[in-house]
Amino acid sequence: ATSFPSLLDAGMMLTLISLDSTTIAVVEYNSSFYGDDDKAKGGWSLERIDANNLSDNVNWKASTDVSGGTPGRENSAADVNPDILAPYVIKTEMMDEYSILLLFSEMINSSILQNIEYYTVENIGHPSIAEPLTEELSNQVELRFDNSFNIGIIYELSVSTEIKDIHGNRYNGEVLTFGRMETPNKDDIIINEILFQPYLGGADFVEIYNRSDKILDLSDISIANRNKSDGKLQQIHKVTENHIYLHPKDYFVFTTDYTLSQFYYIENPDNIIVMSGFPSYPNEEGTVAILDSETNVIDEFTYSNKMHGVFISNPQGVSLERVDYDRKSAELANWQSSAQTAGFATPTYKNSCYKQTDETDEAFAILPTTFSPDGDGYDDVLFIDYKMPVANCVANISIYSLRGSFVKEICRNMTLGTEGRLTWDGTAANKIKAPIGPYIVYIEAFNADGKVYKYKKVCVVASRK
């Protein structure tokens, strides 16, 4: 050939076309096809496993030939590998207020994709046009509607199981959700989990959670840290250039490589974004900041390795998790070490230590009433939540045995805000774990007018081991 197209390392779509412009074959490759991080760095070819499987789904791997590839010869990866996987939609993306783009997991005949009756939006109906990206085979189709979609509404799109791949596997029937993306306000997105001291060979990660009722665009989001000496934002990295939906109650994880699955259970692999650049988060302490497109802070969290539970002897590989979405990131009592039973981290799903504040008519509440400070990360601390009628009340809180023996002072003459959270880690004044059994949390608070609040709450120190 007199010329040859440039092939990008990260991936692109390649099409083989005959002289009469007929599409012969299409492949949209990416570096994950290698299945080998070292070979993906360069010097090795990608080989199709089964020549009779025209799907790209799990049908490519790195060459095992000592030369790094097999041009002109049978592929070293050649094997029987039929396509038995149903096609699914990797993502939905709104192109504008009238159009949706669907990206399928594999190539589908364009004549199938362009049937408008195969797509139905609840309470709206079929699109007026369904236009595949290419004429013969495509993994993308743009759906255009006559009426615009409104901001603030989450729509449901049903896709017919008559849509099938080139090997006859039918669409899996999943109902898709989409909507117009909105601009995030402060605390719409919160930092939900951070791993800043990974295992050897692992990587830092930051997990976010959408606590709003908006659909947000992750391409508008950046992540950063703060300079310790002057407090200024630095190392600002855009999360992604792609328009990716962040739906209400969605979790997304930002990291630098795909090694998380080697160390932790990943409930939603598609909700991991591997970034080419990432801020530095030191093992001792640092600040994580989530920014909007104008670099305004949406949420930030200043962490320290001292925030890990007293029974975590080695914090390597242990994440810090947010306890309650509705409490502020700055509250130290709103962060706990991830549970041992969850593998010490919960990337892409609900935190192991999540506990929502109990609603109560009293100024003080404790939860859980039975806790087990044994270092497994599950109910390791007692939370003492307060909601005061006025700010600047002063509190004294101490722990006693049922016989009235002093065990530990939680706070003395502490000025309280209107609401907040304190904790007891289950240790006595001598920093030794308190014996298993019931205890009294004695609370005394008073305001500037001399009104006094007194409570005796019973809790139980237990053991799960």
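**Figure 1. Y349 is a buried residue**. At 14% relative accessibility, Y349 counts as buried (buried: under 20% relative accessible area; exposed: over 50%; partly exposed: in between; 1.4 Å probe, protein chains only). This is a predicted model: local features need pLDDT of at least 70, side-chain atom pairs need 80 or more, and totals for chains, interfaces and linings use all residues. Residues are numbered from 1 along each chain as its sequence is written, and side-chain values use heavy atoms, without hydrogens or water.

**Figure 2. Two aromatic pairs, F33 with W60 and Y265 with Y349.** The whole structure holds 23 aromatic pairs (Phe, Tyr or six-membered Trp rings with centres within 6.5 Å; planes under 30 degrees apart are stacked, over 60 edge-to-face, the rest tilted). F33 and W60 are stacked, at 6.4 Å centre to centre and 20° between planes. They sit 27 residues apart: F33 in the loop between β2 (23-30) and β3 (46-48), W60 in strand β4 (60-62).

**Figure 3. An aromatic cluster.** F145, F149, Y155 and F178 form one cluster.

**Figure 4. The surroundings of D380.** D380 lies in the loop between β25 (370-371) and β26 (382-387). Its relative accessibility is 15%, so D380 counts as buried. A polar side-chain atom of D380 lies 3.3 Å from the backbone nitrogen of D374. Leaving out residues up to four places away in sequence, D380 touches F371, S372, P373, D374, G375 and D425 (contact: heavy atoms within 4.5 Å).

Technical notes: Helices (H or I, at least four residues) and strands (E, at least two) are DSSP runs, numbered from the N terminus. A polar contact is a pair of N or O atoms within 3.5 Å; within protein, one must be able to donate a hydrogen and the other to accept it, and residues adjacent in sequence count only if both atoms are side-chain atoms.
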